[in-house]
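Open the model in your viewer and keep the selection tool at hand. This tour goes from the whole chain to single residues.

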Amino acid sequence: VGNQIFSQCTSLEEVTFPAITKLGENTFQGATSLRKVTFDADAETIGQYTFAYSGVQQVVIGGKVTKIGEGAFYYARALKTVALPDTIEEIGFGAFEGTRALKSLANLDKVRKIGVQAFYGSGLEGALNLAKAEEIGNFAFASADINTSAKYTSVSIPNAKTIGNYAFFGGSQETATISPCCLIPNPKPPWPTALTPCTWRVNNSVCVPRRETLPSPRSTRPS
């Protein structure tokens with residue numbers, strides 16, 4: 001499916017792809033009435049900003065997809081359910097940014113790489129099990145509102161190699177389990193800067209903080 005095929009189709013409510021391997025960029029961008037999209041088991045690629053600003057609430061993704069593209073669900077504020085396959089390995093920059101209605105995500109524990117702002121301002125709740133995550137980008141799970149904490153209550157990242165600046169900024173959890181011997185507290189607001197402006201590199205189960213200049217969150221608007 002090519003780029004922007006259903007973009008701005010404001011009356012479109014449901015789509016089922018019985019045989020498709022790839023969705024192009026901005027496919028459903030601005031399809032505000034869209035509620036459900038289903039891909040069959042042959043789907044392999046979800047493109048950039050595929051569902052950006054759409055009204056989609058439920059997406060069922062086929063079993064061959066390994067990556068969710070940049071901004072795939074960018075500010076799809078009504079999104080409640082996404083069925084990720086157990087083949088998923090990477091979630092791109094801003095893929096679920098602004099998805100406030102999204103409370104949980106199956107197979108998040110299968111993902112190895114989580115991009116910058118991947119879940120920035122999302123509604124994820126409960127325990128974040130990032131069992132296979134090796135790389136987590138800046139602001140990946142950060143709260144978008146300095147006055148409101150994110151709603152997840154614990155974070156487990158036993159195999160992390162790199163955790164970006166403010167990856168869990170504004171989280172409501174008390175501790176983040178990074179490795180068997182490393183617990184990093186995540187303070188509640190107001191957030192002191194003692195821990196957050198660092199990149200945490202886990203080397204042989206030892207967390208080594210490295211000071212860096214704090215970058216500002218950036219948002220890329222689809223054209």
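This is a predicted model: local features need pLDDT of at least 70, side-chain atom pairs count only at pLDDT 80 or more; totals for chains, interfaces and linings use all residues.

Start with the whole chain shown as a surface. Of its 223 residues, 48% count as buried.

Now switch to a cartoon view. How many helices and strands are in the chain? There are 17 strands and zero helices. Among the contacts with a separation of 6 or more, 32% join residues 24 or more positions apart.

**The open sheet**

Select S1, S3, S5 and S7. These four strands form an open sheet in that order, with parallel pairing. Which strands stand at the edges? They are S1 and S7 (81-83); each has a single partner strand, so one side of each has no neighbour in the sheet. On average, neighbouring strands here are turned by 0 degrees against each other, direction ignored.

Zoom in on S3 and S5 (residues 58-60), which pair in the parallel sense over three bridges. Select Lys36 and look across to S5: its bridge partner there is Gln58. As background, strands of a sheet pair through backbone hydrogen bonds, either parallel or antiparallel.

**The nonpolar core**

Next, select Phe39, Phe51, Ile68, Phe96, Leu130, Phe141 and Phe168. They have the most contacts inside the largest nonpolar core, which has 49 residues. The elements giving two or more residues to this core are S1 (14-17), S3 (36-39) and S12 (151-156).

Keep Phe96 selected and display what surrounds it. Leaving aside neighbours within four places in sequence, Phe96 is in contact with residues including Ile68, Phe73, Leu79, Val82, Phe119 and Tyr120.

**Glu97**

Move along to Glu97, in the loop between S8 (90-91) and S9 (113-114). Is Glu97 buried or exposed? Glu97 counts as buried because its relative accessibility is 0%. Show side chains here: that of Glu97 makes a polar contact with the side chain of Gln117, at 3.1 Å.

**Gly115**

The last stop is Gly115, which is found in the loop between S9 and S10 (125-129). Gly115 has 12% relative accessibility and therefore counts as buried. Beyond neighbours within four places in sequence, Gly115 is in contact with Ile91, Gly92, Phe93, Gly137 and Ala140.

Gly115 and Glu70 are 45 residues apart in sequence, and their C-alpha atoms are 8.4 Å apart in space.

Notes:
Residues are numbered from 1 along each chain as its sequence is written. Side-chain values use heavy atoms; hydrogens and water are left out. Buried means under 20% relative accessible area, exposed over 50%, partly exposed in between (1.4 Å probe, protein chains only). A polar contact is a pair of N or O atoms within 3.5 Å; within protein, one must be able to donate a hydrogen and the other to accept it, and residues adjacent in sequence count only if both atoms are side-chain atoms. A nonpolar core is a set of buried Ala, Val, Leu, Ile, Met, Phe, Trp, Tyr and Cys residues joined through side-chain atoms within 4.5 Å. Contact means heavy atoms within 4.5 Å. Two strands pair if DSSP finds at least two bridges between them. Axes are lines fitted to C-alpha atoms, for helices over the stretch in contact, and angles run from 0 to 180 degrees between N-to-C directions.
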